[in-house]
Amino acid sequence: MSKIIWSKIDEAPALATYSLLPIVNAFTKAGGVDVVTSDISLAGRVLSAMGLAEDELSKLGELVLKPEANIIKLPNVSASVGQLKECIAELQDQGFDIPDYPENPANASEEEIQAKYSTCLGSAVNPVLREGNSDRRAAKAVKRFAQNNPHRLKAFSENSKAYVAHMAGDGDFYGNEKSVTMDKAQKVTIALNGKELATIDALEAEVLDGTFMSVAKLKSFIKKSIEDAKANGVLWSIHLKATMMKISDPIMFGHAFTVFFQEVFDKYADTFKELNVNPNLGMSDLEKKIAGHALENEIKAAFQAVVESDNPEIAMVDSDKGTTNFNASNDVIIDASMPVVVREGGKQWNRNGDAKECVSVIPDATYGMFYNEMVADCVKNGQYDVTTMGSVANVGLMAQKAEEYGSHPTTFELAEAGTVTVTAEDGTVLMSFECEAGDIWRMSRAKDIPIKDWVRLAVERGQIEQVPVIFWLDENRAHDAQMIKKVNKYLKDLDTNNVDIQIMEIATATRFTNARVREGKNTIAVTGNVLRDYLTDMYPILELGTSAKMLSIVPLLAGGGLYETGAGGSAPKHVDQFLSEGHLRWDSLGEFLALAESLRFLARKHNSAELEAVTKALDVANDGYLDNNKAPSRKCGEPDNKASHFFVAQYWADALASGDHAELAAKFAPVAKALKENEAKIIEELLSVEGKAQDIGGYYHPNDELAEKAMRPSSTLNKIISNI
């Protein structure tokens, strides 16, 4: 049997797996493929860090370096400190003997505990598994369905006041960046005033970047953005990536929080210090810290007074619950939140639940420029037309912890003012920076082999698609200047005949791409890791309604394959609905598409007629799923995720029963017949749990038996599947 690893992760896609995986295994085993799970959920990683579970993530990290790797990776929680603490508390309630997370370690033992738990924070999974570059695009059937069944994009008003505010490259990561390409492999030391911060093993031809965010200039920018929002009469909101950028962005979030409520933080500074209030964790954590304190009501009233003053309104995460943009750093994740701003016509929601035009505050100019162009384009030209707009595919550099998403070990909040140096083995200073105490300094890296593969993959996709291939690189950004040299070098080694390849800085690339999108033309964006994330949420959410419907293929450098299943940003809301009323609206199309690509890879590798037939039938099933609009309904009482799995099984069995492979046709003919004849009964059984609260034993660490029972309520369907 060939083997596919199916990641056991978190939230809605984890719930969906309880229903989908038994179906998947029943079909794939007919093609000689066994699909097995590997627990890389937040809870699994926490238990592993504390020595109470196998380190499945490390095992997968070893597997992706081998040619036999074949992994389907569902979206996982990139945990904030708040989420980590919630997960720990849940596991403790379940009887696991693990310590609390020490926010401010008081001794060596607590420092050790914090260090272990810190491995679970932020983007802990992706840098380990992504040993290849990214090929993300919309399958033709998915694009066709979206155009024939357009979701709603709300119009921008004629004189829309929506805009994006970002720093002007003065004092931010963009403006302060320096970059070098290493001439040989060697140890490189990062130091502050001669005191070592970190040492890395740099590789020959690797690109190293150093940069910092001036906190003084950040605060000035935040203050001005608030004043401008007030003058312009728009909602104020901040958009960061505090999950993936687990060190830098929570700090920036904390500064925004304190600047907006400066008078409160100043007045109660001593109390907040006494209670260990950390603004980086947001209002939700602050409220927990002050609960029961003699000044609790007074402090809450002080915050409310600022909200009700003549300051601009704050965008809401949940108007019904009174949850603002400052609730927690992970509530507003830029790649999920900014497409919604565009989708809603440049608006977010105020305390009354009313949509209102907003300023989207994105401090760093590096990627703020992209979002600025997206909003400005719609303010000028109006909303996009889903029925005619073109597609934007992406080839993303992400292998071997490329660029900012791999910068966690080399990001520091500077304890003192002075000089940060990056020094070679022989004492040569490669880069130096004059910084102030509290500034955020970071190093990012991009290795040469992944860059070369990235250029190759871009040319390959351009030859296949025959559309312009645009490298989004800015010669005025230090890192990109180094990358442009490498791109031009490696393009010379490739057959680029009949491929339109161009290099453009971000603003120009966005305008060029958007003009083509409006003309119904397709484009391939070739970007670094962070822009890959941002573009592959923005354009698919506008084109398809969700980025979860994108094909996300990662050809691993060692010859294996990693197949990612889309975004999980809305997963928490899906789980909340499921727990309260038994309805899961998560759409598993991403899993269906990833499975087809995973099986196709194995069928070609092993030249298996059986597996080719199983894969071809799944393609037919996926088309049927789209053509017959069997995606889950958002409303309780209507078919949900469980029903969508049933229909894919029905279409899959029918395609095998009527296919060219005689043995498989004979095997699946009675299955197809049983699924068709029992459709009404199965749907009735699936709907029987709708409207009923579900107990699955935990949010982060569900009880497998309870969760499977909740997600497989049709005994008729279960019996048919188990008998295959």
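Select Tyr 367, Phe 370, Tyr 371 and Met 374 in helix H16, which meet Val 530, Leu 531, Tyr 534, Leu 535, Met 538, Tyr 539 and Leu 542 in helix H20; contact here means heavy atoms within 4.5 Å. By class, this contact of H16 with H20 has 11 nonpolar, no polar and no charged residues. Ala, Val, Leu, Ile, Met, Phe, Trp, Tyr, Cys and Pro count as nonpolar, Asp, Glu, Lys and Arg as charged, and the others, Gly among them, as polar. An α-helix has 3.6 residues a turn, so residues three or four places apart point the same way.

The model is predicted: local features need pLDDT of at least 70, side-chain atom pairs count only at pLDDT 80 or more, and totals for chains, interfaces and linings use all residues. Residues are numbered from 1 along each chain as its sequence is written, and side-chain values use heavy atoms, with hydrogens and water left out.

**The H16 and H20 pair**

Show H16 (residues 365–381) and H20 (residues 529–544) as cartoons. Helices (H or I, at least four residues) and strands (E, at least two) are DSSP runs, numbered from the N terminus. The axes of H16 and H20 are 10 Å apart and the helices pack at an angle of about 15°, so H16 is roughly parallel to H20. Axes are lines fitted to C-alpha atoms, for helices over the stretch in contact, and angles run from 0 to 180 degrees between N-to-C directions. Angles under 35 degrees count as roughly parallel, over 145 as roughly antiparallel, 65 to 115 as roughly perpendicular and the rest as oblique.

**Along H16**

Stay on H16 and colour by accessibility. Of its 17 residues, 12 are buried, where buried means under 20% relative accessible area, exposed over 50% and partly exposed in between (1.4 Å probe, protein chains only). The buried residues include Ala 365, Gly 368, Glu 373 and Asp 377. They pack against strand S5 (163–165), helix H8 (173–176), helix H15 (334–343), strand S20 (469–472), helix H19 (506–518) and H20.

How far apart are the end C-alpha atoms of H16? They are 23 Å apart, which agrees with the 24 Å that 17 residues should span at 1.5 Å a residue; the expected span is 1.5 Å times one less than the number of residues. Just after H16, select Gly 382, which takes a positive phi of about 90°.

**H19**

Move to H19. Its 13 residues should span 18 Å at 1.5 Å a residue, and its end C-alpha atoms are 18 Å apart, which agrees. Among its buried residues are Ile 506, Thr 510, Asn 514 and Arg 516. The buried residues of H19 pack against H16, S15, S20, strand S21 (501–504), strand S22 (523–527) and H20.

**H7 and H23**

Next, select H7 (residues 140–148) and H23 (residues 609–627), whose axes come within 10 Å and cross at roughly 10°. That makes H7 roughly parallel to H23. On H7 the contact is made by Ala 141, Val 142, Arg 144 and Phe 145, and on H23 by Asp 623, Leu 626 and Asp 627. By class, this contact has four nonpolar, no polar and three charged residues.

**Two positive phi values**

Most residues other than glycine have a negative phi, and most peptide bonds are trans. Select Ala 205, which has a positive phi of about 70° although it is not a glycine. Ala 205 is in the loop between strand S8 (195–202) and strand S9 (207–213), and is buried with a relative accessible area of 18%.

Then go to Lys 401, where phi is near 60°, also positive in a residue other than glycine. Lys 401 is found in the loop between strand S15 (392–396) and strand S16 (411–413) and counts as partly exposed at 43% relative accessibility.

Is Glu 425 buried or exposed? At 55% relative accessibility, Glu 425 counts as exposed. It lies in the loop between strand S17 (418–423) and strand S18 (429–435). Not counting residues up to four places away in sequence, Glu 425 touches Gln 186 and Lys 187. Glu 425 and Lys 187 are 238 residues apart in sequence and 5.7 Å apart in space, C-alpha to C-alpha.

Finish at Met 244, in the loop between strand S10 (235–238) and helix H10 (248–260). Met 244 counts as buried at 4% relative accessibility. Not counting residues up to four places away in sequence, Met 244 touches Ser 78, Ser 123, Asn 126, Arg 130, Tyr 405, His 408 and Asp 533.
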